[in-house]
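Subject: Two-chain model, handover and findings

Hi,

Here is the structure I promised to pass on. Please load it before reading further; my notes follow below.

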Amino acid sequence: DTGVSQDPRHKITKRGQNVTFRCDPISEHNRLYWYRQTLGQGPEFLTYFQNEAQLEKSRLLSDRFSAERPKGSFSTLEIQRTEQGDSAMYLCASSPRDRGWQETQYFGPGTRLLVL
Amino acid sequence: AQSVTQLDSQVPVFEEAPVELRCNYSSSVSVYLFWYVQYPNQGLQLLLKYLSGSTLVKGINGFEAEFNKSQTSFHLRKPSVHISDTAEYFCALYNQGGKLIFGQGTELSVKP
């Protein structure tokens, strides 16, 4: 069990550019979550997948944001036409789903995005 | 709507002193509550969780929390803190729709 990994760890981009982040969940975890954390705040839910199906999207996820999990394994989060307000830490988490219990979400180290 | 409020944004404390980090929640349905810790430039690590059963939950690193339904609280405690406990602590509840709802966080600063 190698834990949740995220790539890149840091990204600096200019306003208007597109960026893509990758998340590799813990093997065999079928749920994958994306959260955004701005400075001094707790993480806020963006979206989550069960296997390859995207089951819920937050209103925070504007049409510039898109997330995919094509084969039910890794996931990508793309931000198009980045804005300075997109600067944040983007966290990925995964969890198993077993017998309907609210399983623990295991978090990756995050990708810190800075939009200049 | 469900929400989590952490009552203290910063808690300074001396090493080996006891500490309590306060968390209140609002929910009209059964709750599942969590405490996570975040060290600088790292992701979140689970400290402990309450799903059901005993209201006193023990976690890692000597932390414990007590679920109080009448007070809608889930305060985190440690009887004696170490310098290494300096970190940001987040209380969260699990929304039955499948996501965690976090509080704003409490920065614990342990001084020698």
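Chain A has 0 helices and 11 strands. Along the sequence the pattern reads β-β-β-β-β-β-β-β-β-β-β. Keep in mind that this is a predicted model.

**Chain A overall**

The radius of gyration of chain A is 14 Å. The globule rule gives 13 Å for 116 residues, so chain A is as compact as a globular protein of that length. Along the principal axes, the C-alpha atoms of chain A fill a box of roughly 45 × 25 × 25 Å. Of the 116 residues in chain A, 47% are buried. I also looked at the contacts in chain A between residues at least 6 apart in sequence. Of these, 53% join residues at least 24 apart.

**A:R69**

Is A:R69 buried or exposed? A:R69 has a relative accessible area of 2%. The cut-off for buried is under 20%, so A:R69 counts as buried. It is an arginine in a loop, the one between β7 (65-68) and β8 (75-79) of chain A.

What does A:R69 touch? Leaving out residues up to four places away in sequence, its contacts include A:P25, A:H29, A:N30, A:R31 and A:L32. A:F49, A:Q50, A:N51 and A:E52 are also among them. A:F74 and A:S75 complete the list. A:E52 is 17 residues from A:R69 in sequence, yet their C-alpha atoms are 5.1 Å apart.

The side chain of A:R69 reaches the backbone oxygen of A:N30 at 2.8 Å. A polar atom of that side chain also lies 2.8 Å from the backbone oxygen of A:S73.

**Salt bridges**

How many salt bridges are there over all chains? The count comes to 9. Some of them are described here, pair by pair.

- A:D24 and A:R22: their side chains meet at 2.7 Å, N to O. A:D24 is partly exposed at 26% relative accessibility. A:R22 is partly exposed too, at 34%.
- B:E20 and B:R77: the closest N and O atoms are 2.8 Å apart. This pair links distant parts of the chain, 57 residues apart. B:E20 sits in strand β3 (residues 19-21) of chain B, and B:R77 in strand β9 (residues 73-78) of chain B. B:E20 is partly exposed at 35% relative accessibility. B:R77 is partly exposed at 28%.
- B:K58 and B:E64: the side chains meet at 2.8 Å, N to O. B:K58 is exposed, with a relative accessible area of 62%. B:E64 is partly exposed, at 23%.

A:R64, A:E83 and A:D86 are joined into one network by salt bridges that share partners.

**The interface**

Now for where the chains meet. On the chain B side, 21 residues are in contact with 22 residues of chain A. How much area is buried between chain B and chain A? The figure is about 1,800 Å². Carbon and sulfur atoms give 52% of that area. B:L44, B:Y94 and B:K99 supply 26% of the area that chain B buries against chain A.

B:K99 forms it with A:E56, and the closest N and O atoms are 3.1 Å apart.

Polar contacts between chain B and chain A come to 7 residue pairs, both residues at pLDDT 80 or more. Which elements give two or more residues to the side of chain B that touches chain A? They are β5 (33-38), β6 (44-50), β10 (87-95) and β11 (99-102) of chain B. By type, the residues on that side divide into 10 nonpolar, 9 polar and 2 charged.

Best wishes

Conventions:
Residues numbered from 1 in each chain as written. Chains lettered and ligands numbered in written order. Predicted model: local features only at pLDDT ≥ 70, side-chain atom pairs only at ≥ 80, totals over all residues. Heavy atoms only, no water. Contact = heavy atoms within 4.5 Å. Buried area = accessible area lost by both parts, 1.4 Å probe. Salt bridge = Lys/Arg side-chain N within 4 Å of Asp/Glu carboxyl O. Polar contact = N/O pair within 3.5 Å; in protein donor to acceptor, adjacent residues only side chain to side chain. Helix = DSSP H or I, 4+ residues; strand = E, 2+ residues; numbered from the N terminus. Nonpolar A, V, L, I, M, F, W, Y, C, P; charged D, E, K, R; others polar. Rg over C-alpha atoms; globule rule 2.2 N^0.38 Å. Buried < 20%, exposed > 50% of the residue type's maximum accessible area, 1.4 Å probe, protein only.
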